[in-house]
Amino acid sequence: MKNYRFFLPFFLFVLMFSVSSCDAIAGIFKAGAWTAVVGIFLVVLLLWWIVRRMRG
């Protein structure tokens, strides 16, 4: 039983840092997704503008 008392704080410490790193990675992927959406929108807008300039 004494072995569990030693490992429990260590386990909670590791769990605390692993959960926070998962949140950080999730935030990075969310930012990356929004950056991709904005980038695709800007590329489509640029292509649309070029096609309009060529026709007119």
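Biologist: How much of residues 32–51 is helix, and how far apart are the end C-alpha atoms?

Modeller: The span is 100% helix and 0% strand, with its end C-alpha atoms 28 Å apart. Helices are DSSP runs of H or I with at least four residues; strands are E runs of at least two, both numbered from the N terminus. This is a predicted model, where local features need pLDDT of at least 70, side-chain atom pairs need 80 or more, and totals for chains, interfaces and linings use all residues. Numbering starts at 1 along each chain, and side-chain values use heavy atoms, without hydrogens and water.

Biologist: Why is Ile 50 called partly exposed?

Modeller: Its relative accessible area is 34%. Buried means under 20% and exposed over 50%, with partly exposed in between (1.4 Å probe, protein chains only). So Ile 50 is partly exposed.

Biologist: Where is Ile 50 placed?

Modeller: Ile 50 sits in helix α1, residues 2–55.

Biologist: What percentage of the protein chain counts as buried?

Modeller: Of its 56 residues, 0%.
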